Amino acid sequence: MKAWAAALVAAALSVGLAGCWSNRPVERRNLALMLGVGPAPHHQLRLLFQIPTRAGLTGLTKGSGSGSEPSFNIIEGVGTTLTDAFAQAQAKTTRDLYLGQVEVVAFSTKLSPQEFEQARNMFSRLGSLDKTAYAVATPSVRALLSLQPRSGELPGIILASNFGCLSCNVEHLERRVWDMETASYNRGINLWLPLLTAGKSGFEINQMAVYADGHPVLTLSPAETQALGYVMGLTHKGTVSFRWHDHLVALRGLDARPYFHLTWVQGRPHIDVTLRITGALAEYLGGELTPEALSEVQATAEHLIARRVTAVLRRLQQAKVDPVGFGQAWVWFHPGRFARLGSWRQAFSQAAIHVEVQLRLHDIGDLT
Amino acid sequence: MAWPFRQRIPLDARGQDQHDASAAVSRGEEATNQLQAAEATLRAIAPVDASGLKEVETLCGHVGSWIDAMLEDLTQPQGNLNRYGGSVEAAYERLKNTVGTSPDVVLRKFWLGSQARWPALLAFVDGLADNTMIDRDILMNLQLYPIPQGGQAEVVFEAVHQAAVAVGHVSTEAEWDKLLVKLIAGNALLFLEGASQVLVLDTVKFPSRSLGRSQTEPSVLGPQEAFNEISLTQMNLLRLRIQSPGLRFTELTLGNRSLTQVLLVHLDDVTNPALVSAVLERLNSIQRDSVQTANEVAEYLADRRWTLFPQTRQTDRVEWVAREIMAGKVAVLVANDPFAIILPNTLMDFYRTTQDYASSFWDTTLTRMVRFLALIIGIYLMPLYIALTSVNTDLIPTKLLLTIAGSRAGIPFPPISEVIIMWLIIEVLREASARLPQQMATTLGTVGAVVVGTAIVKAGVVDDIMIVTVTLTALGLFTSPSFELTSTWRWLFWGFIVTAYVFGIYGIVLMTVIVLAHVTSLENYGVPYFSPWGPLRVRELSDTLIRLPLPFLTRRPLTLRTVDARMSERTVQAGSVDLYAGQRRARRR
């Protein structure tokens with residue numbers, strides 16, 4: 001009898017203390033799929049939530065677009081802190097704003113370093129926020145969150161599918177919220193985020209914004225992003241075109257395996273970068289493709305890619321940012337020397353960098 | 001012609017006690033006479049309704065006759081109320097006033113012998129006794145049997161016993177309590193005047209249905225025969241399948257009033273004797289007035305009575321009972337119930353069927369895996385749905401969550417209420433179809449599935465995904481091949497639902513651990529319920545989720561600790577047979 005009573009008490013306590021009374025079914029929550037942080041007037045912060053509408057949800061269920069009705073709503077909150085902004089946004093809706101399924105968190109490139117740090121700090125502390133959400137930088141948060149893709153699908157789903165697909169883009173520019181936390185605590189590396197813009201035909205993801213001290217100090221062009229992607233192992237479907245003896249040559253599917261070696265010579269870092277790239281010959285107009293010609297094509301492409309990579313690394317040196325993580329790799333092996341170094345960014349800006357490219361074209365005929 | 005038996009017994013020649021007894025008899029008759037006189041007086045005085053008095057008079061007559069009969073027995077030399085005293089008339093009165101009040105009990109007084117007439121009484125239960133045997137083999141023979149003139153009662157009795165009745169099984173009995181039991185069982189009782197014993201003639205005719213197919217455990221391949229309610233038929237069917245002389249039937253009678261025959265069946269040279277004696281001991285300890293079903297015995301045989309998991313398996317498949325007995329288990333047959341109880345069992349035993357051994361091992365392995373998968377779906381699908389849509393919404397892939405949210409848009413109830421509604425509908429349909437004839441049950445199932453399912457979605461009470469989930473759950477839970485386990489999983493299903501709603505995924509894991517801990521703690525007559533997984537017996541895994549070819553299954557389950565552990569020898573080697581090898585050898589020679 002005592003055992004039964006104890007079991008009943010334990011069951012009652014478990015149910016009472018489990019907090020199940022606050023559980024809300026999924027349809028009674030406002031599922032935020034995209035979250036944007038941007039500056040607001042008077043040194044305030046703007047928080048935007050992209051919430052799918054009922055039309056958007058049922059359109060998803062039926063496997064078609066939502067028709068004339070918008071597939072999502074934007075709920076906005078403004079406040080001195082993000083907490084205030086969140087509270088204001090929550091006050092505008094009768095349902096619980098749920099952050100557990102956020103797919104994309106967008107940071108405005110116009111945020112001040114303090115505001116950016118404030119946002120990053122809050123998101124790292126916010127337990128209900130899904131830390132696996134993709135983090136992006138964007139010039140205009142409102143424009144990004146308001147873009148309705150022509151397919152009628154929910155933007156958050158499209159972006160998540162895009163980021164999650166390794167072979168869908170030239171560069172696999174995937175950054176998650178937890179990567180931001182990692183970058184903020186790791187030494188010898190600078191934070192970078194993919195720069196996501198709302199174009200006329202949809203989202204454009206082919207640029208990279210490199211941060212230093214909470215501010216995007218460098219925005220790389222698509223070509224520079226691709227070149228840096230070789231060094232960072234992010235470029236999987238790179239292309240390069242050039243003229244060789246009046247023949248138009250194009251290579252595609254360039255996939256790099258980067259190796260680098262850092263040594264200190266006379267108090268200055270020397271970085272030897274080796275890129276082993278494989279790819280396919282996409283176009284070769286005019287003339288017969290002999291083995292000798294193919295070797296020369298490869299050599300020309302190697303030279304061209306090395307030049308481009310060197311150029312982008314020089315730009316990084318000039319901006320004193322190291323998104324690749326040369327310094328981070330070094331600190332793992334020499335933490336004491338790194339601590340005595342003072343500023344890695346300064347040292348990196350003075351580093352001697354040598355890039356060697358080893359290209360091997362494994363496919364010269366099949367253009368599929 | 002008046003019945004002269006009373007006059008044939010000289011009451012006045014039996015001493016003082018007999019005089020007292022006769023005085024008592026006269027007092028019984030006297031009371032009846034006085035009542036009759038009183039009734040007549042009343043009628044003469046006035047138009048009084050004397051029907052009440054009439055009833056008392058009738059009752060008094062019965063009681064008087066009964067007392068007369070008992071006193072007749074008491075006045076015999078052995079002087080015992082529970083013993084037949086040799087008076088056919090007294091036996092007649094006694095039977096007439098006890099069991100004879102029922103219309104199916106026939107008491108036939110007749111003359112024995114064609115020349116010398118010897119009073120006799122034949123008692124039997126109409127319907128339970130074979131009328132052909134009564135008429136042709138007993139009555140006709142007895143009436144035509146030539147009894148010598150002036151013979152002694154014991155001589156006549158012996159002649160009748162040895163030569164007159166043409167019945168296979170004849171025994172003698174004198175005690176009334178045993179005679180009545182045998183009479184009710186369908187035997188015919190032959191009372192002879194002056195004899196000290198009664199002949200018990202086996203005329204039992206079992207009212208039985210023909211052997212049919214098993215309705216609870218249908219099988220596509222293999223034997224289809226199922227037991228009927230008759231113990232004798234059950235024994236015969238088992239004898240046909242196990243012709244080993246080691247097959248033993250131990251008979252018991254359970255039920256203080258129903259006196260139900262129960263048979264404990266085992267293989268003497270295989271089954272662990274400790275198991276047999278333990279089951280026998282437990283059977284003997286059953287004290288009930290009535291035993292009508294096998295389950296009334298089975299519930300006494302379980303080691304743990306409060307557990308949800310069944311410990312005894314009940315089946316009406318003859319082949320399956322024979323197989324389990326051959327494996328070293330015991331079976332308990334209960335008269336009037338076609339289901340035999342098999343024990344001890346493990347959880348895996350409830351997932352084995354006849355078809356598993358009647359079809360190829362590939363087919364069996366696939367079927368068992370499907371059953372296991374269906375069980376997992378049945379138990380976990382709905383709790384996972386509840387947990388992921390109500391508690392741990394961050395663990396579900398976004399696209400799937402949005403699909404669910406889209407499907408649930410506008411539904412007024414939370415998922416837990418939907419589950420309750422849907423499951424209630426399923427249980428009601430299930431119960432209704434079980435109570436209806438087969439043809440109507442099919443219609444009801446169709447109506448329930450199509451009409452109610454479609455209508456409830458259209459009405460917006462339940463969403464589409466819930467219908468799919470509930471259907472898969474119901475199908476999964478009902479794939480359990482043994483009937484006993486279905487209710488177990490249905491109960492546990494609700495445990496999982498509640499914990500999933502309260503604690504989410506954590507609750508499902510917690511519940512799983514609790515169930516596993518409970519199952520591994522169960523034992524049934526010393527056999528671990530979760531074996532061969534817990535404790536792990538690698539060799540016995542060959543007949544669990546997968547089944548190896550039968551030549552590889554050579555041993556009986558180790559946990560049964562049988563006298564003979566080996567079930568078969570691996571004498572047949574796989575490989576091709578060369579039919580022309582002999583010819584080639586001859587040519588070479």
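Predicted model: local features only at pLDDT ≥ 70, side-chain atom pairs only at ≥ 80, totals over all residues.
Five strands of chain B form an open sheet in the order 6-7-9-10-8, and their pairing is antiparallel. Its edges are strand 6 (247–254) and strand 8 (313–315) of chain B, each of which pairs on one side only. From one strand to the next the twist averages 25°. Strands of a sheet pair through backbone hydrogen bonds, in either a parallel or an antiparallel way. Within this sheet, strand 9 (residues 330–334) of chain B is joined to strand 10 (residues 340–343) of chain B by three bridges, and the two run antiparallel. In strand 10 of chain B, Leu343(B) is the residue opposite Val330(B). Helix 9 (residues 273–284) of chain B lies across strand 6, strand 7 (260–267), strand 9 and strand 10 of chain B, and runs at about 170° to strand 7 of chain B.

Glu324(B) and Lys329(B) form another salt bridge, with closest N and O atoms 2.9 Å apart; both residues are buried. Asp463(B) bonds in this way to Arg408(B), the closest N and O atoms being 3.2 Å apart. Asp463(B) lies in the loop between helix 16 (438–458) and helix 17 (464–477) of chain B, while Arg408(B) belongs to helix 14 (residues 398–408) of chain B, so the pair ties together parts that are 55 residues apart in sequence. Both Asp463(B) and Arg408(B) are buried. Salt bridges that share partners also join Glu324(B), Lys329(B), Asp349(B), Arg352(B), Asp356(B), Arg368(B), Arg371(B) and Asp543(B) into one network.

Helix 19 is the last element. At 1.5 Å a residue, the 17 residues of helix 19 (residues 505–521) of chain B should span 24 Å, and the end C-alpha atoms are 24 Å apart, which agrees. The buried residues of helix 19 of chain B are Gly507(B), Ile508(B), Met511(B), Thr512(B), Val515(B) and Val519(B). Seen down the helix axis, these buried residues fall within an arc of 135°, so they line one face of helix 19 of chain B. They pack against helix 13 (361–391) and helix 18 (483–503) of chain B.

Terms used
Residues numbered from 1 in each chain as written. Chains lettered and ligands numbered in written order. Heavy atoms only, no water. Helix = DSSP H or I, 4+ residues; strand = E, 2+ residues; numbered from the N terminus. Expected span 1.5 Å × (residues − 1). Buried < 20%, exposed > 50% of the residue type's maximum accessible area, 1.4 Å probe, protein only. Arc of directions from axis to C-beta. Contact = heavy atoms within 4.5 Å. Pairing = 2+ DSSP bridges. Axes fitted to C-alpha atoms, helices over the stretch in contact; angles between N-to-C directions. Salt bridge = Lys/Arg side-chain N within 4 Å of Asp/Glu carboxyl O.
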